[in-house]
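Have the viewer open as you read.

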Amino acid sequence: MPAAGRERAFVADRVLTVWGGPVVRRGALIDPSDLPGLLALDEGGMPLGYVLFESVGDECEIVALEAMRRREGVGSALVDAVIHAAESARAAAVWLVTTNDNAGAIAFYETCGFSLGAVRPGAVDEARRSLKPTIPLVGESGDPIRDELEYRLALSRG
């Protein structure tokens with residue numbers, strides 16, 4: 001994805017709309033709109049989804065993923081593209097953080113081959129107190145948002 005231009009402005013707007021700006025994970029704020037990413041477009045050039053990611057050391061973190069059309073393979077294609085890029089860079093793993101209330105994301109990432117690597121009980125409560133008070137107390141499902149769940153996919157370096 002280009003570092004500037006219409007596509008970058010679109011993604012920055014979506015990050016603000018969907019996540020309310022910077023996201024919190026592992027006790028830190030990160031602005032995903034500043035990260036490298038991939039944008040899926042339809043035949044007419046309209047966005048179908050995007051993924052923003054960051055390489056740190058020998059691992060790659062998926063920081064933000066949104067598919068505007070669900071259950072059409074857009075999210076899977078974007079995750080596959082990140083995995084391929086991470087493998088090409090000889091990364092050891094791809095990982096991401098979601099929250100305990102996000103059953104759809106949990107099922108999706110498990111379908112993509114990710115496994116639960118860590119649970120941080122109360123991490124979202126703490127982030128709400130100390131970093132981002134705008135984090136909702138309850139998710140779209142009606143479940144309280146309290147914990148971070150970290151999913152990992154180990155990669156072959158061979």
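Predicted model: local features only at pLDDT ≥ 70, side-chain atom pairs only at ≥ 80, totals over all residues.

Buried here means under 20% relative accessible area, exposed over 50%, and partly exposed in between, using a 1.4 Å probe and protein chains only. Residues are numbered from 1 along each chain as its sequence is written, and side-chain values use heavy atoms, with hydrogens and water left out.

On to the salt bridges (a side-chain nitrogen of Lys or Arg within 4 Å of a carboxyl oxygen of Asp or Glu). The whole structure has 10 of them.

| Salt bridge | N to O distance |
|---|---|
| Glu54 and Arg25 | 3.7 Å |
| Asp125 and Arg128 | 2.9 Å |
| Glu150 and Arg152 | 3.5 Å |

Glu54 sits in strand β4 and Arg25 in strand β1, so their pairing ties together parts 29 residues apart in sequence. Strands (E, at least two residues) and helices (H or I, at least four) are DSSP runs, numbered from the N terminus. Asp125 and Arg128 are 3 residues apart in helix α4, about one helical turn. Asp125 is partly exposed at 22%, whereas Arg128 is buried at 12%. Glu150 is buried at 4%, and Arg152 is partly exposed at 25%. Those last two also belong to a salt-bridge network with Arg26, Glu59, Arg120 and Glu148.

What about helix α2? Its buried residues include Val74, Leu78 and Val82. Just after α2, Arg90 takes a positive phi of about 60 degrees.
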